[in-house]
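Here is a quick tour for anyone meeting this structure for the first time. Have a look at the model, then read on.

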Amino acid sequence: MFPSRADGGSYTDNLIGTLLAIFGNVLVSISLSVQKFSHVTLAGTKDPRAFYRTKTWWCGFVLTCLGEGANFVSYAFAPLSLVAPLNAVSVLASSILGLIFLREKSKPKDFAKRYGLSFLGCILTIGGTYLFVSFGPNSHEKLKAENIVTHMVGWPVLLYLLLEIITFCLLLYFYKQRRANYLVIILLLVALLGSVTVITVKAVSGMLVLTIEGTMQLNYPIFSVMFVCMVASAVFQARFLSQACKLYDCSLIASVNYILSTVFAIVAGAVFYLEFKNEDVLHICMFLLGSAFCFLGVFLITKNRKRTKTFEPCVTMDMTNGVPTIHDKGLVDFNGSFSYGALVNNDGVAPANVPVDLEQPPVSSRAPKASDLKKD
């Protein structure tokens, strides 16, 4: 099913792994856009169905599975330090899809002013991707169970794991006991768990590919150990990410998490799998320069996204109809409307009227009697 590979790896392996990672990240970005379109469509209509009962959402879910599957297999072919930074392709594809399916119309000058940083970020990301793919590590080995055990018992790996465990425990102490809910602390916890995840994902993926090729690897205990660590680290990583999303802006989380996770993944690949062992200084410097370009590009792309604003309602009176109308106090124009429950703000739509009882108590219009005047 897969082409046979030499023990030392080759240019073909890197090319297959790189193309699989790029293809998987593009599919993931498309699937997210499709699923968001499904949620927006349901929120804008009176369809009582849940989102998981729509064909559009299931289409996005299938694309997500295919994309993550391609990413998973790519670790078996290309070095870890080459696959991890390619997550920038997902951010790049999402930004391009957002510009293509942008609903609002604006003048070229306003468009350039608003999306100039995103355009610059896309250029930097594309250039950085080309650099680190061209000058990335080319050393790749077949991940047999014996090779993985040999890597684990080496003193650099044991020292790296010890330092990682100590750092994780210290950060977890400050986060849980000292209530230090800083974004950097939470995402450092995510990045430390992510380094364990990518190490185990590469090991599990490599052994599965070798098993499919005909060399059974699933009966070794190291496969079970790596699989359990992969699942556990991924679950806790998702848990910390969800907590970060409750406290901070998602665009800021996306950029910082990408930078920290990629740095730790590159270090893990260099220490655990010795991916930079046979590389010269020039290739390493160009690889790091390309990674830095991707970091800056992703930061600029996510920096330009709209941030969620708090809805502060106020009631004004429509003088023509005498009907109270809900507006967003000081945050949006009175010509727009706030779509409760929708993922987007439907600018340009007439404000929604508040259903109120307009019936007033009857006012007596009879003239005062003479007897009443005499009493006064």
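Twelve helices and two strands make up the elements of the chain. Keep in mind that this is a predicted model. Starting at the N terminus, the order is α-α-α-α-α-α-α-α-α-α-α-β-β-α. Of the 376 residues in the chain, 38% are buried. Take the contacts between residues at least 6 apart in sequence: 76% of them join residues at least 24 apart.

How do they sit against each other?

| Helix pair | Residues | Angle | Axis distance |
|---|---|---|---|
| α7 and α8 | 155–176 and 183–213 | about 150° | 9 Å |

An angle over 145° counts as roughly antiparallel, and α7 and α8 are therefore roughly antiparallel to each other. The contact of α7 with α8 involves 13 nonpolar, two polar and one charged residues. On the α7 side you'll find Y160, E164, T167, F168, L171, L172 and Y175. They meet I185, I186, L188, L189, L192, L193, S195, V196 and I199 in α8. As for handedness, α7 passes α8 in a left-handed crossing.

H151 belongs to helix α6, which covers residues 145–152. Who does H151 touch, leaving aside neighbours within four places in sequence? The contacts are E141, V157, F272, Y273 and L274. With F272 there is a polar detail too: a polar atom of the H151 side chain lies 3.0 Å from the backbone oxygen of F272.

Methods. Residues numbered from 1 in each chain as written. Predicted model: local features only at pLDDT ≥ 70, side-chain atom pairs only at ≥ 80, totals over all residues. Heavy atoms only, no water. Helix = DSSP H or I, 4+ residues; strand = E, 2+ residues; numbered from the N terminus. Polar contact = N/O pair within 3.5 Å; in protein donor to acceptor, adjacent residues only side chain to side chain. Contact = heavy atoms within 4.5 Å. Axes fitted to C-alpha atoms, helices over the stretch in contact; angles between N-to-C directions. Parallel < 35°, antiparallel > 145°, perpendicular 65-115°, else oblique. Left-handed = near helix turned anticlockwise from the far one by under 90°. Nonpolar A, V, L, I, M, F, W, Y, C, P; charged D, E, K, R; others polar. Buried < 20%, exposed > 50% of the residue type's maximum accessible area, 1.4 Å probe, protein only.
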